[in-house]
Amino acid sequence: MTTAARPASHANSASSHKPVPITVAHGDGIGPEIMQATLAMLQASGARLAIETIEIGEKVYQRGVTIGIEPSAWESLRRTRVFLKAPITTPQGGGFKSLNVTTRKTLGLYANVRPCVAYHPFVDTLHPGMDVVVVRENEEDTYAGIEHQQTREVTQCLKLISRPGSEKIVRYAFEYARANNRKKVTCFTKDNIMKLTDGLFHKVFDEIGREYPDLEKEHWIVDIGAAKLADQPEVFDVIVMPNLYGDILSDVAAQIAGSVGMAGSANLGVGCAMFEAIHGSAPRRAGQNLANPSGLLHGAIMMLVHIGQSDVAQKLHNAWLKTIEDGVHTYDIFKEGVSTQKVGTQEFAAAVVARLGQEPATLKPVRYKVGGVAALNAKTSTPARSVKQTLGVDVFVDWEENNRNPDALAKKLVAAAAGTGLKLGMVTNRGVKVWPDGFPETFCSDHWRCRYASDAGDDQPITHAQITSLLTGLANQKLDFIKTENLCAFDGQRTYSTGQGE
Ligand code: NAD
């Protein structure tokens, strides 16, 4: 059974006047300037914060720390459990790992929340009514970072989607929608093609959606959903997506709302959270007092709600809306005839501070309640333990002899299985069946999937011993096997893809 918990805020309650410890990193490129501006706005608004500063990013990478963060910085994060982070520059190549991905995964920040709002008519946009929140799964999918080059020609990236991971993010999206008076939750997947991985995400969305009869629910295939989002974003409300689609489409959503420089992002886990702008370190704009600090400020406002200081969040957000409405704009959103004043980063912050206590007249003022964006302490379901059977094995081989003639390969593959009780059922190349009865027109790379099942029938289980003797047989045939995948059935249901043309 699944237990839904209401969004729980950080340990510090709204009524607490004690400063809340947070960890701050000033980052690279435009990071230090927008952080300085954001901290000035936070301080003037009366935010009750005890700040610990850590160093991350370029300088740390240059010291040879491949993940861009020192052990002492982790200690601060473990202590405060709240991280306000300016963007950093990730060095290209050289074995450096993305600090953002590492932080999200190490701290279990499973939910990435990215509100994308249009500020028409004060900020130019083609989509005046846009008010979309992208809820992106933050830990799984192709971001597991499991990649291999398997043959001279073929590389592979594993896409991992788990049931608990999908349940956590989908439930979060529904709880977020409820807590923030949203009406609809939309799910984007590509389950017409990725039937097992995206199919699981969609299935979990349908299952959990039934527990929220008060909310409208819909599913879109991600390609046409993305097209609709770019064309008519006002038809969407909250959109939940697996990691990769969410990464791409939240940037698109932020940009079409007005500017990538304005959107903030919350990365939430149980008991830990990180807040940032969605944009990067924009090195070309660095050191010129040009950058818009609004994205990081929006991250900081979500942080205030998270730590129970919704009163301060509301005051700051409304002062920001008034500043935008008064036409005080940084270069990225400045427009002759709409804007009244072009300002730099620190002047923009001063303009917001000067408007603390004021509310916008045309734009809708915000009203925050406690716990609007906090992560869920939700349990995931524990489905009854299913009966697992292994009904076959796919062996992948690297092979390029005989002009890559599939019949010649199949001859060796059949010989390799002699005496194992297994029989070769098909060979595919990049997913297309090339044996038996392949088409000579099919392009063949050096990467072959060879599917074996029991010679007593496709529905008969096979053993590990049979697989290992098959591998011995393949080695004896001088075939370079590079990986195996077991073909499983759970409660009699086959859970592996068929070959195209099978
Ligand atoms: P970017 O988001 O840094 O900048 C792209 C462009 O958007 C800039 O040239 C600028 O014109 C505009 N822009 C971005 N932020 C702005 C702001 N606050 N105000 C005004 N204009 C702004 O993307 P990029 O150039 O592809 O990446 C630069 C670096 O940032 C890379 O090293 C990348 O790895 C890193 N990055 C970091 C994060 C993060 O730390 N969370 C996220 C994305 C990219």
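## Around the ligand

A polar contact is a pair of N or O atoms within 3.5 Å. With that in hand, we can look at the ligand in this predicted model. A polar side-chain atom of His-279 sits 3.1 Å from one of the ligand's nitrogen atoms. On its own the ligand would expose 810 Å², and the protein buries 71% of that.

The surrounding shell has 21 residues, with Ile-88, Gly-280, Ala-282, Asn-292 and Tyr-331 the closest. By type, the shell residues split into eight nonpolar, eight polar and five charged.

## Domains and how they meet

The domain assignment gives the chain three entries: domain 1 (19–125 + 258–355), domain 2 (141–247) and domain 3 (388–494). Taken over C-alpha atoms, the centres of domain 1 and domain 2 are 26 Å apart.

Where these two meet, seven residues of domain 1 are in contact with eight of domain 2. Together they bury about 660 Å², with 60% of it on carbon and sulfur atoms. On the domain 1 side, Lys-105, Tyr-110 and Val-113 supply 56% of the area buried against domain 2, more than any other three residues.

## How confident is the prediction?

The average pLDDT of the chain is 91, and 94% of the residues score at least 70. Residues 1–15 have a pLDDT below 50, and this stretch has 44 contacts in the model beyond near neighbours in sequence.

Methods
Residues are numbered from 1 along each chain as its sequence is written. This is a predicted model: local features need pLDDT of at least 70, side-chain atom pairs count only at pLDDT 80 or more; totals for chains, interfaces and linings use all residues. Side-chain values use heavy atoms; hydrogens and water are left out. A residue is near a molecule or strand if one of its heavy atoms lies within 4 Å of it. A polar contact is a pair of N or O atoms within 3.5 Å; within protein, one must be able to donate a hydrogen and the other to accept it, and residues adjacent in sequence count only if both atoms are side-chain atoms. Accessible areas come from the Shrake-Rupley method with a 1.4 Å probe; for residues, only the protein chains shown count as cover. Ala, Val, Leu, Ile, Met, Phe, Trp, Tyr, Cys and Pro count as nonpolar, Asp, Glu, Lys and Arg as charged, and the others, Gly among them, as polar. pLDDT is the predictor's confidence in each residue, from 0 to 100. Contact means heavy atoms within 4.5 Å. Domain bounds come from an automatic or database domain assignment. Buried area is the accessible area (1.4 Å probe) that two parts lose on being put together, summed over both.
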